[in-house]
Amino acid sequence: MKIILATLCYLVSVSAAASGNVETGKALTEKFGCAVCHGKDFNSPIDPSFPKLAGQHKDYLEHALTAYKRGDGGNGRNNPIMALQVKPLSNQDILDLAAYLHSLKTTLVAHR
């Protein structure tokens, strides 16, 4: 019984860590100046070619940030500005950023 309880506690803690921390993600957006390009509310980027980040799916944000970090040579995304921004990020930083941006109110609309 103790092994089952210990395993359950471990899985819950791993799941919590894997989900990212909203407050830490908010601090990271401030530290790296993400709002300069993506807008102070992350819904109004300074250029229409820049994505709205508020309310995006966490999985998408994690994938995109990881792809920018990997770069074009590693089958990732090729954008020199984003490559410099994400280079210092740890995997946990990426999870935290994704959690924060996902938590924001969005102006995105899905049409079917």
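Trainee: Which helix gives the most to the lining of the largest pocket?

Mentor: In this predicted model, the largest pocket has a volume of about 480 Å³. The elements that give two or more residues to its lining are helix 3 (35-38), helix 4 (58-70), helix 5 (80-86) and helix 6 (91-103). With five residues, the greatest contribution to that lining comes from helix 4.

Trainee: Which residues that line the largest pocket are the closest to its centre?

Mentor: The lining of the largest pocket has 18 nonpolar, five polar and one charged residues. Of the 24 residues that line this pocket, the closest to the centre are His38, Leu53, Leu65, Tyr68 and Met82.

Trainee: Is His38 buried or exposed?

Mentor: His38 has its place in helix 3. Not counting residues up to four places away in sequence, His38 touches Asn43, Ser44, Pro45, Phe50, Pro51, Leu53 and Met82. Buried means under 20% relative accessible area. The relative accessible area of His38 is 10%, so this residue counts as buried.

Trainee: How many Å from the backbone oxygen of Pro51 does a polar atom of the His38 side chain lie?

Mentor: Pro51 is among the residues that His38 touches. From a polar atom of the His38 side chain to the backbone oxygen of Pro51, the distance is 3.0 Å.

Trainee: Why does Lys105 count as exposed?

Mentor: Lys105 lies in the segment after helix 6. Not counting residues up to four places away in sequence, Lys105 touches Asn43 and Ala54. A residue is exposed over 50% relative accessible area. Lys105 counts as exposed because its relative accessibility is 75%.

Trainee: What distance separates the C-alpha atoms of Lys105 and Leu53?

Mentor: Leu53 is one of the residues closest to the centre of the largest pocket. Lys105 and Leu53 are 52 residues apart along the chain, and their C-alpha atoms are separated by 9.9 Å.

Trainee: Which residue caps the N-terminal end of helix 2?

Mentor: Just after helix 2, Gly33 takes a positive phi of about 65°. At the N-terminal end, a side-chain oxygen lies 3.0 Å from the backbone nitrogen of Glu23, and the capping residue is Asn21.

Trainee: What percentage of the residues of the chain count as buried?

Mentor: The chain has six helices and zero strands. Residues 24 or more positions apart account for 61% of its contacts with a separation of 6 or more. Of its 112 residues, the share that counts as buried is 29%.

How values were computed. Residues are numbered from 1 along each chain as its sequence is written. This is a predicted model: local features need pLDDT of at least 70, side-chain atom pairs count only at pLDDT 80 or more; totals for chains, interfaces and linings use all residues. Side-chain values use heavy atoms; hydrogens and water are left out. On a 1 Å grid over the protein atoms alone, a cavity is a set of points where a 1.4 Å probe fits but cannot get out, and a pocket is an open set with protein on both sides within 12 Å along at least five of seven lines; lining residues have an atom within 4 Å of a point. Grid points are joined across faces, edges and corners, and a volume is the space filled by probe spheres set on the points. Helices (H or I, at least four residues) and strands (E, at least two) are DSSP runs, numbered from the N terminus. Ala, Val, Leu, Ile, Met, Phe, Trp, Tyr, Cys and Pro count as nonpolar, Asp, Glu, Lys and Arg as charged, and the others, Gly among them, as polar. Buried means under 20% relative accessible area, exposed over 50%, partly exposed in between (1.4 Å probe, protein chains only). Contact means heavy atoms within 4.5 Å. A polar contact is a pair of N or O atoms within 3.5 Å; within protein, one must be able to donate a hydrogen and the other to accept it, and residues adjacent in sequence count only if both atoms are side-chain atoms.
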